[in-house]
Amino acid sequence: MNENRYVEIANLTKAYPNPFGQDIAVVKDFNLILRKGEIVSVIGHSGCGKSTVLTMLAGLNPITSGSLIVDGREVAGPGPDRAVVFQSPCLLPWMTSFENVMLGINQVYSHGTKVERKQICEYYLSIVGLADSMHKYPREMSGGMQQRVGIARAIALKPRMLLLDEPFGRLDSLTRMDLQDVILEILDRERVTTMLITHDVDEAIYMSDRVCMMTNGPEATVGQVLKIPFARPRVRSEVLDHAHYYDFRACLLSFLQKQEHRKAAHVASFSKKLLDAPVEFVEDTVKEPAKEPVGV
Amino acid sequence: MSESTTDKIKYGLLKTIDISGFKVFDPVVRLLFGEEPTKQAVDIVKYLVTPIVFVLLCMALWTVIAPRHKTKSGEVPTPTEVWAAAVVNDTLNEREDEKETDFALSGEGREDAIMEVSAALIIKEAESVELKSDLLQIEKDVKAEITGKIAPLQEAYDRLSQKNRMIKAERETNIHSLAEGVASKKAASADLLQAIRDDKAATEAGRDAEKLIKEEINEVRNNPPKALKNAQLASNAVANEAGHLSKRLDYLKTGNRSLKVTEAEDKTVAALQKLEDASTPAAVLAAAKLVVGGEETAERIAEQRYPRTATIWFQVKRSLFTVFIGFIMAAVIAIPVGIMCGLNKVVMACLTPIISIFKPVSPVVWLLIFQIVVGAFFPDPENHPLFTFFASLPLVGGLGINPALVFSACTVAICAVWPALVNTALGVSSIDQDHMNVARVLRLSLWSRLFKIIIPSSLPLVFAGLRISLGVGWMVLIAAEALSSSDGLGKFVWDEYQNGSSHSFANIIFACFVVGIIGFFLDRIMILLQRSVSFDDGAAVV
């Protein structure tokens with residue numbers, strides 16, 4: 001298998017009919033290739049179709065045209081090889097966190113013994129920091145703890161690909177930083193190919209190897225791809241102090257601002273050549289870095 | 001943060017109160033533990049004392065208004081009378097219990113009971129005789145008193161009526177002379193007419209005056225002093241008690257089961273003797289048949305139950321059993337069908353017309369249909385295996401399970417099935433899409449999807465539906481029993497209505513409270529169940 005083309009998204013299009021029966025493409029000709037073990041963030045304004053791309057990749061949302069290939073296999077429907085962490089934790093409220101994680105483990109490790117499965121479950125719950133809250137019900141846990149269970153449940157499936165759909169969107173900033181580190185730590189160990197949907201510029205830079213910027217919809221597509229060359233494992237303070245950090249940040253922000261300005265205008269789809277292109281600074285780069293708190 | 005033991009007890013109690021749905025007692029518990037006494041006192045006054053006062057006011061209103069409304073079954077009973085009816089019904093039940101034990105007693109127990117009851121009977125009979133003589137004395141006194149009171153009235157009445165008669169005769173003579181005058185053209189006919197009119201008015205007035213006195217006399221006669229009534233009641237009660245004791249004695253001495261069994265066994269022994277002595281084949285055969293028959297009779301008698309009279313608590317048990325059976329039938333049908341409806345739109349579309357057409361049908365119609373349909377299944381209910389099986393069960397055997405119970409239960413089931421079905425379907429179809437997505441990503445099999453996701457998620461709504469079902473079922477059952485004369489609370493009410501004794505009305509109102517209170521507790525039980533399965537700690541809708 002070609003490790004450089006582990007996940008291939010080619011000419012992905014999703015169209016919904018409008019009330020007059022005409023098809024309106026929400027996402028059009030979306031192209032992206034992920035290497036094995038790579039973490040790619042998809043960033044864009046809300047409603048631009050980021051989540052649509054992710055749910056199609058998860059198989060939860062049928063595609064209109066194009067192709068989706070993960071590890072040499074065409075995506076057909078949802079499956080445990082593409083684990084999803086949603087914005088809301090989506091835990092089953094009538095089960096403890098242990099049972100919630102166990103539900104997936106039972107599906108994936110059906111060949112293992114009961115004891116093995118239990119150990120696996122305990123291991124993953126402890127690496128997300130929930131060793132003490134294994135037998136709590138979701139209603140007894142904070143939003144951050146619930147999301148940790150969601151992450152444990154996804155990772156425990158040993159997926160080919162991890163799909164994170166704004167997993168920190170509903171958390172306060174401190175919890176969010178904690179969880180970002182939890183996920184990075186796991187990903188550094190397990191090397192799972194990951195797609196992270198976010199609208200937080202700092203999160204995208206800190207977490208990912210590449211940031212895929214999406215244009216505004218309708219007919220949203222890949223606008224630009226920014227490579228983040230920081231070495232892994234990453235340390236937040238080092239990343240923040242890095243000489244190019246604010247350049248990356250400015251690049252992303254300017255793209256997003258431009259999208260805002262051009263909202264009405266139709267943005268031509270960028271071709272494949274932009275993929276893996278070296279960092280290009282757009283002309284109207286913001287000179288002064290934005291004076292907002294970093295890392296939020 | 002460590003909790004003290006008192007705190008633990010306190011919060012445990014508060015939680016129990018909350019779960020069982022008696023939240024009004026919350027401030028009482030808090031007050032007992034000394035938490036913000038002023039606030040709790042205010043809450044108690046607002047939510048506990050005020051409602052109690054209101055209920056007492058309603059009772060007072062009832063007490064005042066009830067006797068003013070005269071119906072053909074007597075006055076509307078007051079709360080005191082209803083309470084008295086409750087006590088009477090309870091005593092009846094106790095007596096049936098005693099007779100049942102007496103019926104089954106044997107050996108020494110029976111002897112002891114005979115001694116005990118005989119002793120009690122002698123005392124009661126003596127008491128009864130005494131009370132009766134007292135009563136006679138009082139009756140005599142009262143009669144004398146009444147006669148004394150009536151005599152002057154009667155005299156006044158006689159005087160008045162005599163006077164009226166005399167005046168009337170005078171007027172009639174006058175009219176006659178006037179008529180003669182008119183005939184001979186000496187008087188005006190107008191005068192005659194006026195005289196006749198006056199006569200009529202005067203007669204009327206006279207009669208009214210007489211009636212007034214008559215009414216006064218009746219009033220005195222119909223309202224003997226309270227002492228008489230009390231004495232009658234006391235005498236009746238004791239006589240009643242004595243009658244019960246003598247009946248018990250009967251059951252112990254002659255109607256007792258062990259006696260009957262011994263009798264049958266004696267017969268068998270005699271037949272055995274005959275078998276030994278018999279010399280011809282025909283005689284041997286006859287004697288042998290007698291032996292076998294005697295054995296069978298003894299066995300049958302040994303299994304006999306006391307033929308209980310249906311008291312109210314028996315009817316309550318039977319109604320509860322019937323509603324339970326009907327409710328289980330409804331749940332067994334409604335939950336799987338509801339789940340299928342919720343999961344599959346085609347099933348839902350198929351069932352929608354059936355649900356919408358049969359849901360509004362009156363329980364009375366269902367009852368009649370089931371009476372016909374179920375009746376056909378049991379042409380010989382006495383020997384049907386289902387009923388002989390039920391009769392042999394320990395707890396429910398004595399309830400007299402028969403086809404009437406079966407079709408009452410079916411009626412309950414068909415009326416109770418709809419709320420449970422609709423709510424289950426709603427619960428299943430409104431399952432959180434996120435949870436379904438989890439199931440899809442994990443590729444859960446149909447069974448684990450059903451038992452791990454769909455059913456747990458819809459349980460709160462399923463139980464909400466079952467709760468409505470049970471309420472509907474209980475209401476329907478009482479009506480069905482009243483209409484079909486199937487034993488139960490409904491039949492109790494119907495029988496009281498038909499029998500029309502002086503206690504009937506009070507008994508009916510007593511039954512009304514019994515039905516209401518049982519319904520209330522059934523609802524509470526369902527709330528408890530609902531709370532125990534709901535994962536979101538949702539507050540019960542009370």
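In chain A of this predicted model, strand β4 (residues 65–70) is paired with β5(A) in the antiparallel sense, the pairing resting on two bridges. Within this pairing, V70(A) has R73(A) of β5(A) as its bridge partner. Both strands belong to an open sheet of four strands, arranged in the order β2-β1-β4-β5 (chain A) with antiparallel pairing. The edges of the sheet are formed by β2 (23–34) and β5 (73–74) of chain A, each of which pairs on one side only.

The domain assignment divides chain A into domain 1, made up of the segments 1–81 and 165–296, and domain 2, which covers 87–158. Between them, 14 residues of domain 1 of chain A are in contact with 15 residues of domain 2 of chain A. On the domain 1 side, helix α5 (residues 173–190) of chain A supplies the largest share, namely seven residues. By class, the side of domain 1 of chain A that touches domain 2 of chain A consists of seven nonpolar, two polar and five charged residues.

Chain B contains 18 helices and two strands. Its radius of gyration is 36 Å, whereas a compact globule of 542 residues would have a value near 24 Å, and the C-alpha trace of chain B spans about 125 × 90 × 60 Å along its principal axes. Of the 542 residues in chain B, 23% are buried. Among the contacts in chain B that link residues at least 6 apart in sequence, 75% join residues at least 24 apart.

The two chains meet through 15 residues of chain B, which are in contact with 17 residues of chain A. On the side of chain B that touches chain A, the elements giving two or more residues are α15 (433–441) and α16 (446–484) of chain B. Of the elements on this side, α15(B) gives the most, with six residues. The residues on the side of chain B that touches chain A comprise seven nonpolar, two polar and six charged ones.

In soluble globular proteins, nonpolar side chains tend to be buried together. Here, the largest nonpolar core has 142 residues, of which A152(A), L163(A), L252(A) and A416(B) touch the most other members. The largest share of this core is contributed by α14(B), with 17 residues. When residues up to four places away in sequence are not counted, A416(B) touches G326(B), F327(B) and A330(B), together with S469(B), L470(B), V472(B) and G473(B). A second, separate core has seven residues, F103(B), L105(B), Y251(B) and L252(B) among them.

The C-alpha atom of A409(B) is separated by 13 Å from that of V373(B), a residue 36 residues apart from A409(B) along the chain.

Methods
Residues numbered from 1 in each chain as written. Chains lettered and ligands numbered in written order. Predicted model: local features only at pLDDT ≥ 70, side-chain atom pairs only at ≥ 80, totals over all residues. Contact = placed C-beta atoms within 7 Å. Nonpolar A, V, L, I, M, F, W, Y, C, P; charged D, E, K, R; others polar. Core = buried A, V, L, I, M, F, W, Y, C linked by C-beta atoms within 7 Å. Buried ≥ 20, exposed ≤ 12 C-beta atoms within 10 Å, placed from the backbone. Domains from an automatic or database assignment. Rg over C-alpha atoms; globule rule 2.2 N^0.38 Å. Pairing = 2+ DSSP bridges.
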